[in-house]
Amino acid sequence: MTTTIDMLLNNPPRSPLKMTVDHLKHFLSNAKSQRWMICEWFYSDIDRCLLTNENEFEHCVEHFFPELVNKKPLRLTRQQWSLIRRRFGKPRRLSSAYLENERIKLVKQRNLLRIVQNETKTHYQSDKIFLNNLPSFIIPPLQPVAHVI
């Protein structure tokens with residue numbers, strides 16, 4: 001829509017794409033939005049070890065159906081998916097109790113990874129449950145005098 005001021009100044013109207021780009025530039029220049037993007041899209045070294053490995057679903061499929069391990073992507077029939085869902089049991093609801101349990105589990109795994117990174121093996125003998133869930137490759141922590149690029 002052309003306004004009279006645009007006609008007087010002989011400026012062409014802004015396209016919707018130009019307006020969207022301007023909004024995006026403004027959003028990206030905001031410090032709070034930059035912090036949100038860092039928290040949303042980037043993992044710390046410890047979290048990358050824990051969250052980028054195979055998930056619990058893949059682990060259960062591997063345990064219950066070893067013949068499906070090498071099939072990528074999984075192309076299963078409706079009956080096969082029904083069998084897999086039946087094997088896993090009733091799904092948990094997304095509740096505050098479930099989220100709290102997941103947070104506690106993640107905090108325990110992070111603490112255990114920090115202990116393993118520092119190689120004090122005597123502390124984590126009591127947490128044998130979490131030793132099976134640790135990733136095979138653990139990124140060592142940065143040294144205090146290390147130069148970061």
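Colleague: Is Trp 36 buried, partly exposed or exposed in this one?
Modeller: In this predicted model, Trp 36 counts as partly exposed, because its relative accessibility comes to 45%.

Colleague: And which residues does Trp 36 form an aromatic pair with?
Modeller: Trp 36 pairs with Trp 41 in an edge-to-face arrangement, with 5.6 Å from centre to centre and 65° between the planes, and Trp 36 also forms an edge-to-face pair with Phe 27, where the centres are 6.5 Å apart and the planes make an angle of 70°.

Colleague: How many aromatic pairs does the count come to?
Modeller: The count comes to 2 aromatic pairs, and these ring pairs link Phe 27, Trp 36 and Trp 41 into a cluster.

Colleague: Switching topic, which residues make up the largest nonpolar core?
Modeller: That core has 5 residues in all, namely Val 61, Phe 65, Leu 68, Leu 76 and Ile 84.

Colleague: Which residues does Ile 84 touch, if you skip those up to four places away in sequence?
Modeller: With those sequence neighbours left out, Ile 84 touches Phe 57, Phe 65, Leu 68 and Leu 76; of these, Phe 65, Leu 68 and Leu 76 are listed with Ile 84 in the largest nonpolar core.

Conventions: Residues numbered from 1 in each chain as written. Predicted model: local features only at pLDDT ≥ 70, side-chain atom pairs only at ≥ 80, totals over all residues. Heavy atoms only, no water. Phe/Tyr/Trp six-rings, centres within 6.5 Å; stacked < 30°, edge-to-face > 60°. Buried < 20%, exposed > 50% of the residue type's maximum accessible area, 1.4 Å probe, protein only. Core = buried A, V, L, I, M, F, W, Y, C linked by side-chain atoms within 4.5 Å. Contact = heavy atoms within 4.5 Å.
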